[in-house]
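Please keep the sequence and the three-dimensional view at hand while reading.

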Amino acid sequence: MTVEAIDYEVRKFLADQSTVNTIVEARLYPMMLPQNPVLPAITIQLTGTRGIDTHDDAGGIKISTLQIDSWGSTHTSVKLLAKAVRGVLNGYSGTLDTQAAQNIVFKNELDLFDPETEKYRVVQFWEVWHTLD
């Protein structure tokens with residue numbers, strides 16, 4: 001694998017899914033929103049990667065944990081976006097951008113509101129089972 005880490009792969013995959021891209025119109029960002037963002041939008045960050053020990057030395061299998069945040073100006077808009085993300089990713093196995101995912105598993109979700117910026121967000125936590133080149 002080159003510079004395209006698993007978080008990049010998932011971000012590119014989501015951007016290519018019409019159910020998500022119809023809502024965010026390619027506003028998918030690594031880690032944080034830009035200043036004065038157009039909403040709704042998505043941010044994705046890698047929060048950890050661990051290997052799996054196997055008895056048959058299959059090796060190369062990793063589980064990466066991702067945080068995917070759906071951002072919006074209303075609670076309804078972020079809930080709809082989070083639902084679209086969940087519908088596309090949960091249980092997916094196959095090619096993302098250039099790398100294959102054996103399985104993508106939804107782990108948890110929480111709703112947040114930032115009174116300072118007046119932005120709503122749904123934070124989702126995911127596990128991506130994949131091979132690491």
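A residue is called buried when its relative accessible area is under 20%, and exposed when that value is over 50%. The model described here is predicted.

- Strand β3 spans residues 61–72. Nine of its twelve residues are buried, so β3 is largely enclosed by the rest of the structure.
- β3 pairs with β2 (41–51). The two strands are antiparallel and are joined by ten bridges.
- Within this pairing, Thr49 has Ser64 of β3 as its bridge partner.
- β3 also pairs with β6, again in the antiparallel sense, through twelve bridges. One of the residues involved is Lys62, whose bridge partner in β6 is His130.

**The largest nonpolar core**

- The largest nonpolar core contains 21 residues. Those that touch the most other members are Val10, Leu14, Val20, Ile42, Ile68, Val85 and Leu89.
- Both helices and strands supply this core: α1 (6–15), α2 (18–24), β2, β3, α3 (75–89), β5 (100–114) and β6 (119–131) each give two or more residues.
- Helix α3 provides the largest share, namely five residues.
- Which residues does Val85 touch, leaving aside those up to four places away in sequence? They are Leu14, Val20, Ile42, Ile68, Ser70, Gln124 and Trp126.

**The loop between β1 and β2**

- Most residues other than glycine have a negative phi, and most peptide bonds are trans.
- Pro40 lies in the loop between β1 (28–30) and β2. The peptide bond that leads from Leu39 to Pro40 is cis, with omega near 5°.
- Met31 belongs to the loop between β1 and β2. Although Met31 is not a glycine, its phi is positive, at about 70°.
- Asn36 is likewise placed in the loop between β1 and β2. Its phi is near 50°, a positive value in a residue other than glycine.
- Are Met31 and Asn36 buried or exposed? Met31 is exposed, with a relative accessible area of 58%. Asn36 is exposed as well, with a relative accessible area of 73%.

Methods: Residues are numbered from 1 along each chain as its sequence is written. This is a predicted model: local features need pLDDT of at least 70, side-chain atom pairs count only at pLDDT 80 or more; totals for chains, interfaces and linings use all residues. Side-chain values use heavy atoms; hydrogens and water are left out. A nonpolar core is a set of buried Ala, Val, Leu, Ile, Met, Phe, Trp, Tyr and Cys residues joined through side-chain atoms within 4.5 Å. Buried means under 20% relative accessible area, exposed over 50%, partly exposed in between (1.4 Å probe, protein chains only). Helices (H or I, at least four residues) and strands (E, at least two) are DSSP runs, numbered from the N terminus. Contact means heavy atoms within 4.5 Å. Two strands pair if DSSP finds at least two bridges between them.
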